[in-house]
Amino acid sequence: MDPAVSGLALVGFLIVTLGSGVWIFAGLLVVSFLGLYFLVDMPLSRVLSVAGSITYRSASTWELAAVPLFIWVAELIFRSTVSERLFRGLAPFVDRVPGRLLHTNVLGCTLFAAVSGSSAATTATVGKITSSELVTRGYDARLAVGSLAGAGSLGLLLPPSIAMIIYGILAEVSVSRLFAAGVLPGLMVAGLYSGFIMLMALVKPSIAPAGHETYRLRDYLRGLVDLAPVITLMGIVLGAIYSGIATPSEAAAVGVFAAFVVLGLMRELSWGLLRDSLMGTVRTSVMVCIILVSASLLSTTLGYLHLPQELGAAIAGMGLDPLTLIALLALFYLVLGVFVDGVAIIVMTLPMTLPLIVAAGYDPVWFGVFLILMVEIGLLTPPVGINLFVLQGLTGWTLGRVSRAAVPFFLLFGLAVAILVAFPQIALWLPGLLYD
């Protein structure tokens, strides 16, 4: 069979398998084994040998150590009162801004994302307070839920992003540079969200209750105290990475230690918290790590089939200019995000798309940010948008109602992608400043 036909058949089978609801790692493994055995015509003993070698090499990657540690930090914070303190701490500082407490969704998710590295954890942690509190206080429910759905996605873009660690491992790109590249685009998305909320508040004042709270100096000082746990953790983790004191994996260990110290000072550290956080960390980490290992085997299978090279040659033969290529990839990821989970999108498509991007002259660090943004858009699209499911559980709304509330923020994500394509230095300036 022609290599291109074999490769495309494998990818089609993979999309159908994952779309059927099979566990991601199981789908990747089954498709990889069948591809090596039937399409590559490799003996079973050789298939098992290759699988064992790839599994060991992938599982022993040093950068992978950062994943469970950052997840542990998120689990510790999720089970503490940090999210409640975050809401109280932000309230005095946004009361005079059009939209008032609606901005706590955006700012709260931005701050928490810079500690947890997980979109689902960010949405759930901030949402467990704001999703009900804002509606109770008279704020527009649709805008409150929609802004939370959009801002919660920042957990994938702002460092220490677990998705960026996955991309860095698979693309063999510096995770530290990727973390730096995500800062300004993440702040840009947060700025677009807050700007939209302010615009809506000016056009339709009824989205926020009339009047303002009376805050004194002591209220602002108390707010800073409430924000101190998150700001401290964020400063320690990011400071260790960008100062060069620690690698991302080492900074993850520093973050766990700092979380223990902060929760200890808050008198919230207990055996129950430790047990529950460890159980949650193990469940999530095993899921992420086994997907990564399975994805490495899939990449090997695609390499044997020469699909990335064949696809690259085919697209190169079309004579597409770089901008048209990016537009086609954006459309491809947009469609794929409707059916496939974000992590699966990264590990499934990267072996094919990265060579095309590099051949077209794009920086792989920039493409990492672009890809994460497209995956974040997928978090807001049913039927597999994780953020939508998290908010459905928090609010009791139907999935359709949550999806409609997220539409404006879905469109703002699209605007952010267009801005990033037009001005790539938004992602590349800070890594160049820190590491060149």
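Analyst: Let's start with a term: a patch is made of residues with over 30% relative accessible area and no salt bridge, where like charges are joined within 9 Å and nonpolar side chains (Val, Leu, Ile, Met, Phe, Trp, Tyr) within 5 Å. The areas come from the Shrake-Rupley method with a 1.4 Å probe, and for residues only the protein chains shown count as cover. You're looking at a predicted model: local features need pLDDT of at least 70, side-chain atom pairs count only at pLDDT 80 or more, and totals for chains, interfaces and linings use all residues.

User: Which residues make the nonpolar surface patch?

Analyst: Phe13, Val30, Leu34, Tyr37, Phe38, Leu44 and Leu48 make a patch of about 670 Å². Each of these is a residue type on the nonpolar list, and joining them takes a distance within 5 Å.

User: Which helix gives the largest share of that patch?

Analyst: That's α2, with four residues. Both α2 (24–39) and α3 (44–59) supply at least two residues each, and leucine 44 sits in α3. As for the helix names, helices (H or I, at least four residues) and strands (E, at least two) are DSSP runs, numbered from the N terminus.

User: Is alanine 252 buried or exposed, and how do you know?

Analyst: Its relative accessible area is 0%, so alanine 252 is buried. The cut-offs are under 20% for buried, over 50% for exposed, and partly exposed in between (1.4 Å probe, protein chains only). Alanine 252 lies in α12 (residues 248–265). Leaving aside residues up to four places away in sequence, it touches Ala66, Leu69, Phe70 and Val73, where contact means heavy atoms within 4.5 Å.

User: Why is serine 176 called buried?

Analyst: Serine 176 has a relative accessible area of 14%, which falls under the cut-off, so the word applies. This serine belongs to helix α10 (residues 175–203), and it touches Ile241, Tyr242, Pro248 and Tyr435, again not counting residues up to four places away in sequence.

User: What makes aspartate 95 and arginine 100 a salt bridge?

Analyst: The rule asks for a side-chain nitrogen of Lys or Arg within 4 Å of a carboxyl oxygen of Asp or Glu. Here the closest N and O atoms are 2.9 Å apart, so the pair qualifies. Aspartate 95 is buried at 2%, and arginine 100 is buried too, at 7%. Across the whole structure, the search finds six salt bridges.

User: Where do arginine 222 and aspartate 219 lie?

Analyst: Both are in helix α11 (residues 217–242), three residues apart, about one turn of the helix. Aspartate 219 is buried at 17%, whereas arginine 222 is partly exposed at 47%.

User: Why does aspartate 276 count as partly exposed?

Analyst: Aspartate 276 has 33% relative accessibility, so it falls in the in-between class. Its salt-bridge partner is arginine 275 (3.6 Å, N to O), which is exposed at 52%. Elsewhere, salt bridges that share partners join Arg85, Arg88 and Asp226 into one network.

User: Where does α7 bend?

Analyst: At glycine 127, by about 50°. A bend is the angle between axes fitted to the seven residues ending at a residue and the seven starting there. From first C-alpha to last, α7 still reaches 25 Å, close to the 26 Å expected. Just after α7, glycine 138 takes a positive phi of about 100°.

User: Why can α16 be described as largely enclosed?

Analyst: Of its 18 residues, 14 are buried, so the rest of the structure largely encloses it. α16 also bends by about 60° at leucine 350, with proline 351 following within four residues. After the helix comes glycine 361, whose phi is positive, near 95°.

Methods: Residues are numbered from 1 along each chain as its sequence is written. Side-chain values use heavy atoms; hydrogens and water are left out. The expected span of a helix is 1.5 Å times one less than its number of residues.
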